[in-house]
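Visitor: I would like to learn how to read a structure of this kind. Please take one feature at a time.

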Amino acid sequence: MAELTTIKAEHLKKGDTVGLIAPASPIFERGSIEFVFEKLVKLGLKYKLGKHVFDSYSDMAGQDEARLEDFHAMWSDPEVNAIIPLRGGHGCSRFLPGVDFNLIAKNPKLIIGYSDLTGLLNLIYQKTGLITLHGPMANSFYRSNYTEEYFVKATMSNKPLGMISDPLFAGDGCPPYPPPRMVIAEGEATGKLAGGCLAIIRELLGTPFELDCKNKILFIEDVNEQPHSIDRFLTQLLLTGKLQQAKGIIVGELPGCRPGTTSRRTFSLNHSVEEVVIDRLSALGIPVIYGMRLGHGEHQFTLPIGAQATLKAKKGKVSFQIDEAACL
Amino acid sequence: MNIKARALKAGDRIGLAAPSNRPASAAELHRSCKIVEEMGFIPVVGQNVLKTFGPMAGTDEERLADLNRFFFDDSIAGIFCLSGGWGSLRLLPHFDFTQISKNPKVIVGSDDNCSLLLALHKMTGLVTFCGMNLNQIIHKQDFEKFKTNLTTNSTWTALESKISHYPVVKGSASGYICASNLIALVSLFGTPFEPDLSEHLLILEDIDEQYTALDRNFTTLYLAGVLQKINAIGFGHFYNCGAKGAENMLPVEDTFGDQLKLLNKKACFGLPFGQTNPSSIIPVGIKGTLDCTNGVLQFNEPSLS
């Protein structure tokens with residue numbers, strides 16, 4: 001297959017309009033949306049709300065058709081410059097067979113999200129070549145200064161994000177676990193970025209919507225999964241041969257993945273999640289690091305899916321640089 | 001083109017293995033041995049079952065060594081899994097399936113071990129048995145069914161849910177049976193061990209999971225085209241599954257049911273199968289008929305030779 005031609009959307013400027021939708025789970029308390037409006041206005045942005053954001057069907061914001069209708073409406077609306085989901089949760093994968101990728105290719109716009117959006121964002125890039133952003137959503141871009149700074153840099157500028165720095169951990173001497181750049185395997189790699197939430201990457205395995213990892217710098221993250229579930233996800237990915245195709249792997253912080261800390265199924269004996277990461281990923285012959293703040297934690301930097309990046313992992317010296325601009 | 005193992009008989013030596021988690025305790029292991037003895041068999045405990053590697057019963061090599069010893073020892077007539085959990089998927093690339101197909105024997109398990117059972121069937125044609133791990137046999141009724149089913153080479157009596165069943169899309173269909181834990185099945189997707197489920201009867205269960213996680217796995221079946229190409233689907237117990245802290249969550253009877261209604265796929269809930277009483281053993285790889293209107297899974301051929 002011929003190499004995809006990369007498409008980039010225009011970066012957001014003051015006065016631009018953001019389309020807010022709920023393609024997965026809804027905002028549970030309507031009041032929390034007020035913070036979102038306030039924060040967007042502070043950035044000089046206008047907003048438009050999808051018709052179905054307050055619909056409800058199980059843990060989703062309405063039936064698949066309703067959520068997909070809002071999603072398509074934002075791509076066709078010429079007034080909308082960027083699409084920002086209110087939150088993730090559960091539901092995007094369910095409507096993937098109905099997504100109109102031609103509509104997206106004809107109307108390239110910024111779209112940013114993570115977690116449940118993982119399948120959708122990677123698929124948009126794989127099908128259209130449009131660079132999408134893996135980063136915080138409307139209810140979370142302001143959850144820390146670090147998160148907001150990277151969100152603004154990624155969406156409101158057309159410069160490459162360059163060398164990624166870690167958040168400054170405030171406090172009195174006891175930094176939060178894990179260390180952000182633990183080297184699992186040394187090496188250097190350059191490639192286009194792909195990845196996101198492991199549970200979603202895994203959900204799409206064996207379907208026409210699965211993640212293309214070939215020659216990619218793969219980033220993976222998850223939240224509130226027990227170590228044995230992370231082991232399951234990584235083992236399945238290994239059995240599909242996908243991890244072996246990647247050029248490098250960045251494992252995010254994995255908050256809430258300590259044993260016993262969830263309402264999910266727990267065992268009395270456990271590996272730590274980093275033992276799982278070491279066991280499954282250290283012998284692939286590619287650089288692997290663990291701990292960067294790129295997912296469900298308080299701090300999250302934004303990564304452009306489809307843009308070129310360079311990972312250099314040497315014990316005591318790790319650098320991760322995004323070489324290519326995400327938008328025009 | 002399935003291969004059937006010989007039906008078990010009193011005095012047979014049975015290998016007790018732990019392809020995934022370590023049994024919860026030595027006491028639980030002792031109890032499992034007693035159950036096997038009471039069925040009239042001689043339990044042979046795998047050498048490594050009480051070792052630990054995270055939650056698992058020893059490293060991959062250790063769990064594999066126990067299983068291989070049982071597969072290739074002619075004095076062992078069958079293999080019963082002691083416990084579920086996690087780990088059987090890790091072993092799959094390391095089996096010699098050709099050799100295993102030359103030594104067909106009964107293998108029974110549930111939960112995570114379904115990954116192993118489905119892969120074994122796919123790679124060898126051996127009819128494997130999705131039912132109970134030994135630590136789940138608590139009620140006399142389940143014990144009797146386990147013993148009766150595995151010691152006969154005639155066709156098993158049908159599974160009937162009687163009053164607890166709920167038909168989603170009525171009707172009846174026939175095909176090869178695939179029974180599994182939902183997450184253990186989906187863990188095979190995209191791998192060389194993924195089963196071909198065209199025109200099958202798919203029977204699923206799960207335990208201790210949040211409805212969202214279950215819906216993700218069910219969504220994989222939809223996105224992969226599996227729900228579209230099977231002949232019918234039946235659900236057993238979803239024991240201790242639920243919202244688990246989420247704000248809004250419909251049960252699987254609604255979310256799975258709505259999807260199946262859209263696809264107009266024959267489906268029913270409430271089959272006596274899964275990880276709580278009353279349970280049953282369901283063979284993977286024989287022909288059957290699922291009557292979704294009445295909640296009956298009928299077996300159309302013997303499971304054992």
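**Salt bridges, a helix and an interface**

Guide: Start with one pair: the side chains of B:Lys140 and B:Glu144 form a salt bridge, with N and O 3.7 Å apart. A salt bridge here is a side-chain nitrogen of Lys or Arg within 4 Å of a carboxyl oxygen of Asp or Glu. This is a predicted model, in which local features need pLDDT of at least 70 and side-chain atom pairs count only at pLDDT 80 or more, while totals for chains, interfaces and linings use all residues. Residues are numbered from 1 along each chain as its sequence is written, chains are lettered from A and ligands numbered from 1 in the order in which they are written, and side-chain values use heavy atoms, with hydrogens and water left out.

Visitor: Where do B:Lys140 and B:Glu144 sit in helix α6 of chain B?

Guide: First the general idea. An α-helix has 3.6 residues a turn, so residues three or four places apart point the same way. In this case B:Lys140 and B:Glu144 are four residues apart in helix α6 (residues 140–150) of chain B, so about one helical turn separates them. Helices (H or I, at least four residues) and strands (E, at least two) are DSSP runs, numbered from the N terminus.

Visitor: Is B:Lys140 buried or exposed?

Guide: Buried means under 20% relative accessible area, exposed over 50%, and partly exposed in between (1.4 Å probe, protein chains only). B:Lys140 has 52% and is therefore exposed. B:Glu144 has 34%, which means partly exposed.

Visitor: How many residues does helix α2 of chain A have, and what covers its buried residues?

Guide: The expected span of a helix is 1.5 Å times one less than its number of residues. Helix α2 (residues 64–76) of chain A has 13 residues and reaches 18 Å from its first C-alpha to its last, close to the 18 Å expected. Its buried residues include A:Leu68, A:Phe71, A:Met74 and A:Trp75. Among the elements that cover the buried residues of α2(A) are β1 (17–21), β3 (82–85) and α4 (118–128) of chain A. Contact means heavy atoms within 4.5 Å.

Visitor: What is the area buried between chain A and chain B?

Guide: The size of an interface is often given as the accessible area lost when the parts come together. Buried area is the accessible area (1.4 Å probe) that two parts lose on being put together, summed over both. Between chain A and chain B it is about 3700 Å², and carbon and sulfur atoms give 53% of that. A:Arg232, A:Leu239 and A:Arg265 supply 19% of the area that chain A buries against chain B, more than any other three residues. The contact takes 40 residues from chain A and 50 residues from chain B.

Visitor: How many salt bridges cross the interface of chain A and chain B?

Guide: The rule finds seven. One of the salt bridges joins A:Asp116 to B:Arg216, with the closest N and O atoms 3.3 Å apart. A:Asp231, A:Asp279, A:Arg280, B:Asp60, B:Arg63 and B:Arg90 are linked in a network of salt bridges.

Visitor: Where is A:His271, and which residues does A:His271 touch?

Guide: A:His271 is in the loop between β10 (248–252) and α8 of chain A. With a relative accessible area of 11%, A:His271 is buried. Leaving out residues up to four places away in sequence, A:His271 touches residues of both chains, including A:Pro227, A:Val276, B:Phe53 and B:Met56. The side chain of A:His271 also reaches the backbone nitrogen of B:Gly54 at 3.2 Å.

Terms used:
Polar contact = N/O pair within 3.5 Å; in protein donor to acceptor, adjacent residues only side chain to side chain.
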